[in-house]
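Me: I am new to this structure and would like to go through parts of it by question and answer. Please show it first.

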Amino acid sequence: MYNEKIDRLIDGWRDELIETLRRWIAIDSQADESAPAPNAPFGPAVRGMLDAALADAQKLGFETEDVEGYAGVVKLGAGEQTMGVLAHLDIVPAGEGWTHAPFGGEIADGKLYGRGTADDKGPAVAALFAMRAVREAGVALRDGVQLILGCDEENGMGDMKYYREHRKVPDYSFSPDAEFPLINIEKGGLHVALSAQGGDEASARIPVYSLHAGERVNVVPGTATAEVGTSTVSAAEMNALLTEKGLKVRATDLGDGRARLEATGVGAHASMPHLGVNAAGLLLIALRELNAGGGSAQAIAALADKLGLEGDGKSLNIAMSDEKSGALTCNLGLLRYDGQVLRAHLDIRYPLCATEPDLCGRMVMALTGTPLSVSREGGHPVHYVPEDHRLVRGLLEVYHDLTGLPAKAIAIGGGTYSQTMPNTVAFGINFPGDADPCHMPDEFVDIDKLLLSAKIMAHAIEKLAGR
(Lines give C-alpha, C1' and ligand atoms only; values in the text may rest on other atoms or scores of the structure.)
Protein backbone atom coordinates (compact mmCIF):
# COMPACT_ATOMS: atom_id res chain seq x y z
CA MET A 1 0.00 0.00 0.00
CA TYR A 2 2.80 2.40 0.92
CA ASN A 3 6.18 2.85 -0.76
CA GLU A 4 8.60 1.07 1.59
CA LYS A 5 11.59 2.87 0.08
CA ILE A 6 10.45 6.04 1.86
CA ASP A 7 11.14 4.57 5.29
CA ARG A 8 14.56 3.23 4.30
CA LEU A 9 15.59 6.58 2.86
CA ILE A 10 14.58 8.51 5.98
CA ASP A 11 16.38 6.04 8.24
CA GLY A 12 19.49 6.44 6.11
CA TRP A 13 19.37 10.22 6.48
CA ARG A 14 19.15 10.14 10.28
CA ASP A 15 22.49 11.85 10.94
CA GLU A 16 21.98 14.37 8.16
CA LEU A 17 18.53 15.27 9.44
CA ILE A 18 19.87 15.75 12.98
CA GLU A 19 22.74 17.96 11.86
CA THR A 20 20.40 20.06 9.75
CA LEU A 21 18.15 20.62 12.76
CA ARG A 22 21.12 21.46 15.00
CA ARG A 23 22.21 24.17 12.57
CA TRP A 24 18.71 25.63 12.56
CA ILE A 25 18.50 25.51 16.37
CA ALA A 26 21.77 27.45 16.64
CA ILE A 27 19.99 30.48 15.15
CA ASP A 28 18.09 32.61 17.68
CA SER A 29 15.26 33.41 15.29
CA GLN A 30 12.89 35.55 17.32
CA ALA A 31 10.74 37.71 15.11
CA ASP A 32 10.98 41.44 15.77
CA GLU A 33 8.46 43.64 14.01
CA SER A 34 10.01 46.73 15.62
CA ALA A 35 13.06 46.38 13.36
CA PRO A 36 11.66 45.79 9.85
CA ALA A 37 13.86 46.14 6.78
CA PRO A 38 13.40 45.52 3.07
CA ASN A 39 12.75 41.81 2.58
CA ALA A 40 12.95 41.35 6.38
CA PRO A 41 9.58 42.48 7.79
CA PHE A 42 10.14 40.61 11.05
CA GLY A 43 13.73 41.68 11.66
CA PRO A 44 17.18 40.34 10.80
CA ALA A 45 17.23 37.31 13.09
CA VAL A 46 14.33 35.40 11.52
CA ARG A 47 15.45 36.67 8.09
CA GLY A 48 18.75 34.88 8.66
CA MET A 49 16.90 31.72 9.65
CA LEU A 50 14.79 31.87 6.50
CA ASP A 51 17.92 32.27 4.36
CA ALA A 52 19.51 29.24 6.01
CA ALA A 53 16.41 27.08 5.55
CA LEU A 54 15.96 27.97 1.88
CA ALA A 55 19.68 27.38 1.24
CA ASP A 56 19.44 23.91 2.79
CA ALA A 57 16.38 23.12 0.66
CA GLN A 58 18.21 24.25 -2.48
CA LYS A 59 21.18 22.03 -1.62
CA LEU A 60 18.74 19.12 -1.50
CA GLY A 61 17.64 19.96 -5.04
CA PHE A 62 14.36 21.74 -4.36
CA GLU A 63 13.03 24.80 -6.09
CA THR A 64 12.38 27.53 -3.53
CA GLU A 65 10.67 30.90 -3.39
CA ASP A 66 11.22 33.82 -1.05
CA VAL A 67 7.90 35.49 -0.27
CA GLU A 68 9.41 38.91 0.39
CA GLY A 69 10.77 37.79 3.74
CA TYR A 70 7.34 36.92 5.12
CA ALA A 71 7.77 33.25 4.34
CA GLY A 72 9.65 30.81 2.15
CA VAL A 73 8.30 28.04 -0.07
CA VAL A 74 9.92 24.71 -0.90
CA LYS A 75 8.28 23.14 -3.95
CA LEU A 76 7.85 19.56 -5.09
CA GLY A 77 6.05 18.77 -8.35
CA ALA A 78 2.98 20.47 -9.75
CA GLY A 79 -0.63 19.63 -10.48
CA GLU A 80 -4.16 20.94 -10.68
CA GLN A 81 -4.22 21.18 -6.90
CA THR A 82 -1.61 21.92 -4.28
CA MET A 83 -1.03 20.19 -0.97
CA GLY A 84 0.52 22.47 1.63
CA VAL A 85 2.68 21.73 4.67
CA LEU A 86 2.74 24.78 6.94
CA ALA A 87 5.57 25.20 9.44
CA HIS A 88 7.29 28.16 11.07
CA LEU A 89 10.87 29.23 11.70
CA ASP A 90 10.36 31.89 14.37
CA ILE A 91 10.59 31.02 18.06
CA VAL A 92 9.52 32.36 21.42
CA PRO A 93 12.25 33.79 23.71
CA ALA A 94 14.43 31.18 25.39
CA GLY A 95 13.46 32.38 28.86
CA GLU A 96 14.91 31.11 32.14
CA GLY A 97 15.34 27.69 33.74
CA TRP A 98 17.32 25.78 31.11
CA THR A 99 19.76 22.99 32.01
CA HIS A 100 20.77 22.59 28.34
CA ALA A 101 21.96 25.48 26.20
CA PRO A 102 18.83 26.82 24.45
CA PHE A 103 20.67 27.24 21.13
CA GLY A 104 23.24 24.48 21.59
CA GLY A 105 21.42 21.59 19.95
CA GLU A 106 22.68 19.27 22.68
CA ILE A 107 21.81 15.56 22.43
CA ALA A 108 21.19 13.47 25.55
CA ASP A 109 19.27 10.22 26.08
CA GLY A 110 17.95 10.20 22.52
CA LYS A 111 16.62 13.76 22.72
CA LEU A 112 17.78 16.90 20.96
CA TYR A 113 17.42 20.02 23.12
CA GLY A 114 16.96 23.63 22.11
CA ARG A 115 14.42 26.37 21.52
CA GLY A 116 12.46 25.40 18.42
CA THR A 117 13.25 21.69 18.43
CA ALA A 118 9.57 20.86 18.87
CA ASP A 119 8.04 24.23 17.94
CA ASP A 120 8.55 24.31 15.03
CA LYS A 121 12.01 23.82 13.48
CA GLY A 122 12.10 20.08 14.21
CA PRO A 123 8.80 19.48 12.39
CA ALA A 124 9.91 21.77 9.54
CA VAL A 125 13.12 19.80 9.03
CA ALA A 126 11.16 16.53 9.20
CA ALA A 127 8.76 17.83 6.54
CA LEU A 128 11.67 18.85 4.30
CA PHE A 129 13.19 15.37 4.51
CA ALA A 130 9.74 13.80 4.03
CA MET A 131 9.40 15.66 0.73
CA ARG A 132 12.91 14.56 -0.24
CA ALA A 133 11.98 10.94 0.49
CA VAL A 134 8.82 11.17 -1.63
CA ARG A 135 10.85 12.54 -4.52
CA GLU A 136 13.74 10.07 -4.29
CA ALA A 137 11.43 7.10 -3.75
CA GLY A 138 9.89 7.90 -7.13
CA VAL A 139 6.36 8.55 -5.91
CA ALA A 140 4.23 9.83 -8.79
CA LEU A 141 2.34 12.94 -7.74
CA ARG A 142 -1.07 14.10 -8.89
CA ASP A 143 -0.88 17.33 -6.88
CA GLY A 144 2.01 19.66 -6.25
CA VAL A 145 3.40 19.89 -2.72
CA GLN A 146 4.61 23.07 -1.04
CA LEU A 147 6.35 23.37 2.30
CA ILE A 148 5.55 26.91 3.44
CA LEU A 149 8.00 28.19 6.07
CA GLY A 150 6.58 31.18 7.92
CA CYS A 151 8.38 33.78 10.03
CA ASP A 152 5.75 35.20 12.40
CA GLU A 153 3.67 32.38 13.84
CA GLU A 154 4.48 33.18 17.46
CA ASN A 155 3.59 36.84 17.19
CA GLY A 156 0.30 37.14 15.34
CA MET A 157 0.71 35.20 12.08
CA GLY A 158 1.04 38.35 9.99
CA ASP A 159 3.22 36.29 7.67
CA MET A 160 0.30 34.12 6.60
CA LYS A 161 -1.97 37.14 6.22
CA TYR A 162 0.56 38.54 3.74
CA TYR A 163 0.84 35.14 2.05
CA ARG A 164 -2.91 34.91 1.52
CA GLU A 165 -2.98 38.39 0.03
CA HIS A 166 -0.04 37.89 -2.36
CA ARG A 167 0.07 34.18 -3.25
CA LYS A 168 -2.36 31.40 -4.13
CA VAL A 169 -3.00 29.35 -1.02
CA PRO A 170 -2.84 25.53 -1.13
CA ASP A 171 -6.06 23.67 -1.77
CA TYR A 172 -5.58 21.54 1.33
CA SER A 173 -2.85 21.46 3.97
CA PHE A 174 -1.61 20.21 7.28
CA SER A 175 0.58 21.92 9.86
CA PRO A 176 2.97 19.72 11.89
CA ASP A 177 2.89 22.13 14.81
CA ALA A 178 0.73 20.39 17.40
CA GLU A 179 0.07 16.72 18.05
CA PHE A 180 -1.13 13.44 16.65
CA PRO A 181 -3.53 11.88 15.80
CA LEU A 182 -4.95 15.07 14.21
CA ILE A 183 -6.46 18.39 15.29
CA ASN A 184 -9.49 19.48 13.31
CA ILE A 185 -10.69 22.09 15.83
CA GLU A 186 -8.62 24.99 17.10
CA LYS A 187 -10.31 27.15 19.68
CA GLY A 188 -11.07 30.75 18.96
CA GLY A 189 -8.56 33.30 20.18
CA LEU A 190 -9.19 36.61 21.90
CA HIS A 191 -6.58 39.07 23.17
CA VAL A 192 -7.79 41.73 25.56
CA ALA A 193 -6.12 44.33 27.76
CA LEU A 194 -7.33 45.24 31.24
CA SER A 195 -6.06 48.70 32.10
CA ALA A 196 -6.33 51.38 34.77
CA GLN A 197 -4.73 54.69 35.67
CA GLY A 198 -2.33 54.59 38.61
CA GLY A 199 -0.04 57.32 39.86
CA ASP A 200 0.01 59.08 43.26
CA GLU A 201 2.32 56.46 44.79
CA ALA A 202 4.44 58.75 46.99
CA SER A 203 2.12 58.75 50.01
CA ALA A 204 1.33 55.01 49.93
CA ARG A 205 2.29 52.69 52.78
CA ILE A 206 4.17 50.57 50.19
CA PRO A 207 4.43 52.55 46.96
CA VAL A 208 4.54 50.52 43.73
CA TYR A 209 6.79 52.16 41.17
CA SER A 210 6.81 49.50 38.44
CA LEU A 211 5.58 46.03 37.47
CA HIS A 212 6.93 43.76 34.78
CA ALA A 213 6.02 40.21 33.76
CA GLY A 214 6.05 38.29 30.50
CA GLU A 215 7.44 38.91 27.02
CA ARG A 216 4.70 37.29 24.94
CA VAL A 217 1.02 37.12 25.72
CA ASN A 218 0.89 33.48 24.55
CA VAL A 219 3.29 32.31 27.27
CA VAL A 220 2.59 31.78 30.97
CA PRO A 221 5.24 34.03 32.59
CA GLY A 222 7.69 32.17 34.82
CA THR A 223 8.98 35.28 36.60
CA ALA A 224 7.52 38.66 37.54
CA THR A 225 9.04 41.67 39.29
CA ALA A 226 7.92 44.82 41.03
CA GLU A 227 9.85 47.78 42.36
CA VAL A 228 8.36 49.09 45.59
CA GLY A 229 9.16 51.61 48.33
CA THR A 230 10.53 50.63 51.75
CA SER A 231 10.31 53.87 53.77
CA THR A 232 7.44 52.47 55.89
CA VAL A 233 7.79 48.68 55.50
CA SER A 234 11.25 47.11 55.13
CA ALA A 235 12.15 44.36 52.69
CA ALA A 236 12.70 42.03 55.67
CA GLU A 237 9.21 42.75 56.98
CA MET A 238 7.75 42.11 53.52
CA ASN A 239 9.54 38.77 53.36
CA ALA A 240 8.21 37.76 56.76
CA LEU A 241 4.62 38.39 55.67
CA LEU A 242 5.12 36.69 52.28
CA THR A 243 6.60 33.63 54.00
CA GLU A 244 3.69 33.55 56.43
CA LYS A 245 1.28 33.59 53.47
CA GLY A 246 3.20 30.80 51.73
CA LEU A 247 3.86 32.89 48.61
CA LYS A 248 6.91 32.28 46.41
CA VAL A 249 7.71 35.97 46.23
CA ARG A 250 10.81 37.51 47.77
CA ALA A 251 11.88 41.10 48.42
CA THR A 252 15.45 42.29 47.90
CA ASP A 253 16.54 45.62 49.35
CA LEU A 254 17.96 47.88 46.64
CA GLY A 255 18.90 50.78 48.89
CA ASP A 256 17.68 54.36 48.44
CA GLY A 257 14.33 53.40 49.96
CA ARG A 258 13.42 50.81 47.34
CA ALA A 259 13.14 47.02 47.05
CA ARG A 260 12.57 44.55 44.26
CA LEU A 261 9.83 41.95 44.63
CA GLU A 262 10.36 38.86 42.49
CA ALA A 263 7.77 36.13 41.99
CA THR A 264 8.87 32.71 40.75
CA GLY A 265 6.37 30.61 38.82
CA VAL A 266 6.53 27.96 36.10
CA GLY A 267 6.39 28.87 32.42
CA ALA A 268 4.00 27.11 30.03
CA HIS A 269 2.10 27.60 26.77
CA ALA A 270 -0.90 29.91 27.13
CA SER A 271 -3.21 27.22 25.75
CA MET A 272 -2.33 24.97 28.72
CA PRO A 273 -2.04 27.31 31.71
CA HIS A 274 -2.67 24.42 34.08
CA LEU A 275 0.82 23.13 33.26
CA GLY A 276 2.42 26.29 34.65
CA VAL A 277 2.24 28.67 37.60
CA ASN A 278 1.61 32.24 36.53
CA ALA A 279 4.25 34.46 38.16
CA ALA A 280 2.34 37.62 37.20
CA GLY A 281 -0.73 36.42 39.07
CA LEU A 282 1.43 35.36 42.00
CA LEU A 283 3.01 38.83 42.16
CA LEU A 284 -0.40 40.52 42.08
CA ILE A 285 -1.59 38.34 44.96
CA ALA A 286 1.54 39.21 46.94
CA LEU A 287 1.02 42.93 46.38
CA ARG A 288 -2.61 42.62 47.44
CA GLU A 289 -1.59 40.79 50.63
CA LEU A 290 1.00 43.49 51.35
CA ASN A 291 -1.67 46.16 50.80
CA ALA A 292 0.80 47.75 48.38
CA GLY A 293 0.16 50.58 45.98
CA GLY A 294 -1.14 54.12 46.06
CA GLY A 295 -3.15 55.10 43.01
CA SER A 296 -2.58 51.56 41.71
CA ALA A 297 -3.77 49.70 44.81
CA GLN A 298 -7.40 49.11 43.78
CA ALA A 299 -6.48 48.00 40.26
CA ILE A 300 -3.77 45.65 41.56
CA ALA A 301 -6.21 44.12 44.04
CA ALA A 302 -8.86 43.74 41.33
CA LEU A 303 -6.42 41.94 39.04
CA ALA A 304 -5.40 39.67 41.90
CA ASP A 305 -9.06 38.91 42.63
CA LYS A 306 -10.22 38.45 39.03
CA LEU A 307 -7.14 36.68 37.61
CA GLY A 308 -4.74 35.53 40.31
CA LEU A 309 -3.57 31.99 39.56
CA GLU A 310 -6.71 31.00 37.65
CA GLY A 311 -6.34 29.70 34.13
CA ASP A 312 -10.02 29.26 33.27
CA GLY A 313 -11.44 32.79 33.57
CA LYS A 314 -13.80 31.76 36.37
CA SER A 315 -13.63 35.02 38.32
CA LEU A 316 -14.09 36.98 35.08
CA ASN A 317 -17.31 34.96 34.57
CA ILE A 318 -16.08 33.50 31.25
CA ALA A 319 -15.38 29.90 32.28
CA MET A 320 -17.21 27.57 29.90
CA SER A 321 -16.77 24.37 27.87
CA ASP A 322 -18.45 22.05 25.39
CA GLU A 323 -18.07 18.36 24.64
CA LYS A 324 -16.53 18.76 21.19
CA SER A 325 -13.93 21.48 21.74
CA GLY A 326 -13.26 21.48 25.50
CA ALA A 327 -12.85 24.29 28.02
CA LEU A 328 -11.96 27.96 27.75
CA THR A 329 -8.49 29.00 28.94
CA CYS A 330 -7.40 32.45 30.09
CA ASN A 331 -3.73 33.44 30.48
CA LEU A 332 -2.32 36.61 32.00
CA GLY A 333 0.65 36.83 29.64
CA LEU A 334 1.88 40.42 30.06
CA LEU A 335 1.79 42.75 33.06
CA ARG A 336 3.16 46.29 32.97
CA TYR A 337 3.08 49.33 35.26
CA ASP A 338 5.23 52.42 34.81
CA GLY A 339 3.93 54.36 37.78
CA GLN A 340 1.14 55.89 35.70
CA VAL A 341 -0.75 53.22 33.71
CA LEU A 342 -1.33 49.61 34.71
CA ARG A 343 -2.01 47.11 31.91
CA ALA A 344 -2.66 43.37 31.99
CA HIS A 345 -2.81 41.54 28.66
CA LEU A 346 -4.85 38.33 28.43
CA ASP A 347 -4.71 35.45 25.96
CA ILE A 348 -8.12 33.71 25.89
CA ARG A 349 -8.78 30.49 23.95
CA TYR A 350 -12.49 29.76 23.66
CA PRO A 351 -14.58 26.74 22.54
CA LEU A 352 -17.29 26.44 19.90
CA CYS A 353 -20.01 27.37 22.40
CA ALA A 354 -18.55 30.86 22.99
CA THR A 355 -18.63 34.11 21.02
CA GLU A 356 -16.44 37.19 21.28
CA PRO A 357 -19.28 39.62 22.07
CA ASP A 358 -20.53 37.40 24.88
CA LEU A 359 -17.04 37.00 26.38
CA CYS A 360 -16.33 40.74 26.27
CA GLY A 361 -19.69 41.54 27.79
CA ARG A 362 -19.16 39.05 30.60
CA MET A 363 -15.77 40.57 31.44
CA VAL A 364 -17.14 44.11 31.46
CA MET A 365 -19.86 43.04 33.89
CA ALA A 366 -17.41 41.11 36.08
CA LEU A 367 -15.16 44.18 36.37
CA THR A 368 -17.97 46.60 37.22
CA GLY A 369 -17.02 48.49 40.36
CA THR A 370 -13.28 48.15 39.76
CA PRO A 371 -10.99 50.74 38.11
CA LEU A 372 -10.25 48.30 35.27
CA SER A 373 -11.47 48.79 31.70
CA VAL A 374 -11.53 46.19 28.92
CA SER A 375 -10.24 46.69 25.39
CA ARG A 376 -10.08 44.16 22.57
CA GLU A 377 -6.63 43.85 20.99
CA GLY A 378 -7.29 41.12 18.44
CA GLY A 379 -8.81 37.74 17.87
CA HIS A 380 -9.92 35.02 15.51
CA PRO A 381 -12.88 32.62 15.38
CA VAL A 382 -12.85 28.88 16.03
CA HIS A 383 -11.24 26.90 13.18
CA TYR A 384 -13.07 23.69 12.27
CA VAL A 385 -12.62 21.12 9.50
CA PRO A 386 -15.37 18.42 9.59
CA GLU A 387 -14.44 14.88 10.49
CA ASP A 388 -15.67 13.51 7.15
CA HIS A 389 -13.38 15.76 5.07
CA ARG A 390 -11.06 13.82 2.71
CA LEU A 391 -8.00 15.41 4.33
CA VAL A 392 -9.03 14.38 7.84
CA ARG A 393 -9.92 10.84 6.83
CA GLY A 394 -6.71 10.36 4.81
CA LEU A 395 -4.32 11.67 7.45
CA LEU A 396 -5.94 9.63 10.21
CA GLU A 397 -5.66 6.50 8.07
CA VAL A 398 -1.94 7.05 7.47
CA TYR A 399 -1.30 7.71 11.14
CA HIS A 400 -3.13 4.57 12.22
CA ASP A 401 -1.48 2.39 9.55
CA LEU A 402 2.03 3.48 10.50
CA THR A 403 1.66 3.51 14.30
CA GLY A 404 -1.12 1.05 15.03
CA LEU A 405 -2.52 3.64 17.44
CA PRO A 406 -6.15 4.82 17.66
CA ALA A 407 -6.86 7.62 15.22
CA LYS A 408 -9.47 10.21 16.11
CA ALA A 409 -9.70 13.93 15.41
CA ILE A 410 -9.39 16.14 18.49
CA ALA A 411 -9.59 19.80 19.52
CA ILE A 412 -6.84 22.00 21.01
CA GLY A 413 -6.51 25.44 22.50
CA GLY A 414 -3.24 26.16 20.74
CA GLY A 415 -3.31 28.23 17.60
CA THR A 416 -1.43 26.94 14.56
CA TYR A 417 -1.21 28.00 10.94
CA SER A 418 -4.22 25.76 10.31
CA GLN A 419 -6.51 28.63 11.21
CA THR A 420 -4.96 30.82 8.48
CA MET A 421 -5.83 28.57 5.52
CA PRO A 422 -8.97 26.77 4.32
CA ASN A 423 -9.11 22.97 4.48
CA THR A 424 -6.16 22.82 6.87
CA VAL A 425 -5.60 20.76 10.01
CA ALA A 426 -2.79 20.30 12.53
CA PHE A 427 -1.06 16.92 12.22
CA GLY A 428 1.76 16.00 14.63
CA ILE A 429 4.43 15.91 15.75
CA ASN A 430 3.78 15.30 19.47
CA PHE A 431 2.45 11.81 20.17
CA PRO A 432 -0.39 10.96 22.59
CA GLY A 433 0.78 10.69 26.19
CA ASP A 434 4.03 12.57 25.59
CA ALA A 435 4.85 15.70 27.56
CA ASP A 436 4.46 18.87 25.52
CA PRO A 437 7.78 20.77 25.69
CA CYS A 438 6.71 23.73 23.53
CA HIS A 439 7.56 27.15 25.04
CA MET A 440 9.11 25.39 28.05
CA PRO A 441 12.66 25.44 29.42
CA ASP A 442 14.66 22.50 28.01
CA GLU A 443 12.39 22.21 24.98
CA PHE A 444 13.32 19.00 23.15
CA VAL A 445 12.41 16.58 20.44
CA ASP A 446 12.75 12.79 20.69
CA ILE A 447 14.94 11.88 17.73
CA ASP A 448 13.34 8.50 17.01
CA LYS A 449 9.87 10.04 17.08
CA LEU A 450 11.04 12.90 14.86
CA LEU A 451 12.10 10.36 12.24
CA LEU A 452 8.79 8.52 12.63
CA SER A 453 7.01 11.85 12.12
CA ALA A 454 8.99 12.41 8.91
CA LYS A 455 7.85 8.99 7.67
CA ILE A 456 4.22 9.73 8.58
CA MET A 457 4.38 13.04 6.71
CA ALA A 458 5.98 11.44 3.68
CA HIS A 459 3.33 8.73 3.47
CA ALA A 460 0.63 11.37 3.99
CA ILE A 461 1.97 13.19 0.92
CA GLU A 462 2.06 9.87 -0.93
CA LYS A 463 -1.56 9.08 -0.05
CA LEU A 464 -3.18 12.45 -0.55
CA ALA A 465 -1.09 14.03 -3.32
CA GLY A 466 0.07 10.87 -5.09
CA ARG A 467 -1.51 9.32 -8.16
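Me: Leaving aside neighbours within four places in sequence, which residues is Ser29 in contact with?
Reply: This is a predicted model, in which local features need pLDDT of at least 70, side-chain atom pairs count only at pLDDT 80 or more, and totals for chains, interfaces and linings use all residues. Residues are numbered from 1 along each chain as its sequence is written, and side-chain values use heavy atoms, with hydrogens and water left out. Contact means heavy atoms within 4.5 Å. With neighbours within four places in sequence set aside, the contacts of Ser29 are Ala45, Val46, Met49, Leu89, Asp90, Ile91 and Lys121.

Me: Is Ser29 buried or exposed?
Reply: Ser29 sits in the loop between helix H2 (14-25) and helix H3 (44-59); helices (H or I, at least four residues) and strands (E, at least two) are DSSP runs, numbered from the N terminus. Buried means under 20% relative accessible area, exposed over 50%, and partly exposed in between (1.4 Å probe, protein chains only). Because its relative accessibility is 0%, Ser29 counts as buried.

Me: Where does Pro437 lie, and which residues does Pro437 touch, not counting those up to four places away in sequence?
Reply: Pro437 is in the loop between strand E25 (429-430) and E26. Pro437 has 8% relative accessibility, so it counts as buried. Not counting residues up to four places away in sequence, Pro437 touches Ala118, Asn430, Glu443 and Phe444.

Me: In what order do the strands of the open sheet with E26 stand, and which are at the edges?
Reply: The three strands of this open sheet follow the order E4-E5-E26, with antiparallel pairing; two strands pair if DSSP finds at least two bridges between them. E4 is joined to strand E5 (residues 111-113) by two bridges, and the bridge partner of Ile107 in E5 is Leu112. Each edge strand has a single partner strand, so one side is left without a neighbour in the sheet; the edges are strand E4 (107-108) and strand E26 (444-446).

Me: How many bridges join E20 to strand E10, and how many to strand E19?
Reply: Strand E20 (residues 341-350) is mostly covered, with eight of its ten residues buried. Gly189 stands opposite Arg349 in E20, and Leu332 stands opposite Leu346 in E20. E19 and E20 form a hairpin with three residues between them, where Gly339 in the turn has a positive phi of about 95 degrees. Both pairings are antiparallel: strand E10 (residues 188-197) is joined to E20 by ten bridges, and strand E19 (residues 329-337) to E20 by eight.

Me: Which strand supplies the largest share of the lining of the second largest pocket?
Reply: A pocket is, on a 1 Å grid over the protein atoms alone, an open set of points where a 1.4 Å probe fits, with protein on both sides within 12 Å along at least five of seven lines; lining residues have an atom within 4 Å of a point. Of the 23 residues lining the second largest pocket, the closest to its centre are Gly95, Glu96, Pro221, Gly222 and Thr223. Strand E12 (219-220) and strand E13 (223-229) each supply at least two lining residues. The largest share, three residues, comes from E13.
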